Amino acid sequence: MADTTSPIDDDAFIRAGEHALGVLEGEELSAARRAMLADGDFADAVEWWTYRLGTMAEATSPFAVSAAVWRGIEARIDAIEASDRSAAASLADRRMSRSSVAALFAGAAMAVASLVLFLATPRVSEAPDQSPSSQAGPQLIAQLQDEDASRKLAGVIDMAGNRLALNVSGLEAESGKTPELWVIPAGGAPVSLGAIPGSGAFDRALTPEEVRLLVAGSTLAVTFEDDDGQRHETPTLPILLAGTLDQV
Amino acid sequence: MGAGRKEGTVTDRKAILVQSLTAVAAGDRASLQTVYDMTSAKVFGTIIRIVRRREVAEDLVQEVYVTVWRRAGRFDPAKGSPITWLCTIARNLALNSLRKRGRDDEFGDDEFPDLADNSIVPADDWLCTQEDSVALADCLETLREDHRRSIKLAFFEGLSHSELAEKVDVPLGTLKSWIRRGLAGLRGCLGG
């Protein structure tokens, strides 16, 4: 975690604080997102601020909740477990169609995207981008995160250079498993983009077929799959991360 | 919460919470209730500060603990305290709800229209004396009022620069300056 001896300059460190606080918008937000991918020191500074500012929530006054809340939690967990058992049985029987899985991904994308880091959501239309990176060509960006920010994936697709760049954390799999990236075109079935690392930076060229699938509005998702060197036909539940690709 | 758990030392009770989260990750429903009993008032306080409506806030409390049930294995005590982890989940869920539902702008920062005075429960010192949260609270107090309020509004209401400028009715440039100067003040204070 960065501290005040961070190697980035004061202005960038404060900008990291603005990003963590969630106040950036428009081109400032886009620039911060790019910096999160390209500049590990900036990402560390954002993490420093996110943790420090996050403790603000602990200073709120505690309030008593109604007795019905715990009963509601138990009922919801009962329902989830029943649903999980049903889905697992379907996958085990190989009776779930790829379109059914796609529908699950779409649902997960909506659910998870709504939980994606609040600061990652642009609130106003993008201003004309004058930065060197954007002048190189259009980019697609996805920032995926689970509820507690323990698993994150930031992805940039360079449409001109046909390259995929990822920065991943918290996706380390158990032995014999690997995280696998999927793209789900709107209304289509999931297509594997292959294994990705559990953490760190990752960059590779895209095939023409992958470029065709990776368009704004498509969903990116990650699951754990068998680490057998193959691209799999059908994803395995649960969906770890999911969210849509946005054009910058 | 059981009396035994309440009477332990601060260290004991934090350890119980960490152990309970570990057990939740292994599927122990009773441990989830322990976590709930020990933290729900604080989690509810975080959420009601953002969404203001008891009914909505209690639904979100349920979402928090369902999330904990499914993701307790991700909690890493080396990376932060259990209550920070829980409050982060609570805040993110509450802000997302706020964006979908819209804000209740008619209420002031400290107004909670759906809560009776007797809903406030005594602060759990073992939760509130986290070193980092106290440090941040102390540092916030050193800021100018307009800087502090802008940062707290951004944090608790998920407002962007332009939304904040509109809410507090100042030019955008002024608001940005307040935020940046406030953050610079916090950095200097927190960095010692």
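Here are some notes on this predicted model of chains A and B, point by point.

1. First, the ground rules. Residues are numbered from 1 along each chain as its sequence is written, chains are lettered from A and ligands numbered from 1 in the order in which they are written, and side-chain values use heavy atoms, with hydrogens and water left out. Because the model is predicted, local features need pLDDT of at least 70 and side-chain atom pairs count only at pLDDT 80 or more, while totals for chains, interfaces and linings use all residues.

2. Overall make-up. Chain A has seven helices and nine strands, whereas chain B has 10 helices and zero strands. Both element types are DSSP runs numbered from the N terminus: helices are H or I with at least four residues, strands are E with at least two. Of the 248 residues in chain A, 48% are buried; for the 192 residues of chain B the figure is 50%. Buried is under 20% relative accessible area, exposed is over 50%, and partly exposed is in between, using a 1.4 Å probe and protein chains only.

3. Contacts along the sequence. Take the contacts in chain A with a separation of 6 or more: 66% of them involve residues 24 or more positions apart. In chain B, among contacts between residues at least 6 apart in sequence, 67% join residues at least 24 apart. A contact here is heavy atoms within 4.5 Å.

4. The five-stranded sheet in chain A. This one is open and antiparallel, in the order β6-β3-β2-β1-β9. Strands count as paired if DSSP finds at least two bridges between them.

5. A closer look at β3(A). Strand β3 of chain A (residues 163-169) is joined to β6(A) by six bridges, and β2 of chain A (residues 152-158) is joined to β3(A) by seven; both pairs run antiparallel. A165(A) has D203(A) as its bridge partner in β6(A), while V156(A) stands opposite A165(A). Further along, N167(A) is partnered by A201(A) in β6(A). The covered face of β3(A) holds L164(A), L166(A) and V168(A), and the uncovered face has R163(A), A165(A), N167(A) and S169(A).

6. The four-stranded sheet in chain A. Again open and antiparallel, it has the order β5-β4-β7-β8. The edge strands are β5 (191-195) and β8 (241-244) of chain A, each pairing on one side only. On average, neighbouring strands of this sheet are turned by 30° against each other, direction ignored. Four bridges join β7 of chain A (residues 219-226) to β8(A) in antiparallel fashion, and V222(A) has L241(A) as its bridge partner in β8(A).

7. Helix packing in chain A. Helices α1 (residues 10-21) and α3 (residues 40-54) of chain A pack at about 50°, with their axes 8 Å apart. Axes are lines fitted to C-alpha atoms, for helices over the stretch in contact, and angles run from 0 to 180 degrees between N-to-C directions. That makes α1(A) oblique to α3(A); under 35 degrees would be roughly parallel, over 145 roughly antiparallel, 65 to 115 roughly perpendicular, and the rest is oblique.

8. Helix packing in chain B. The axes of α3(B) and α4 of chain B (residues 54-71) come within 9 Å and cross at roughly 140°, so α3(B) and α4(B) are oblique to each other. Their crossing is right-handed. Among the residues making the contact are V43(B), F44(B) and I48(B) of α3(B), and E58(B), V61(B) and W69(B) of α4(B).

9. Where is I48(B) found? It is in helix α3 (residues 29-51) of chain B. I48(B) is buried, with a relative accessible area of 0%. I48(B) and E58(B) are 10 residues apart in sequence and 8.5 Å apart in space, C-alpha to C-alpha.

Methods
Left-handed = near helix turned anticlockwise from the far one by under 90°.
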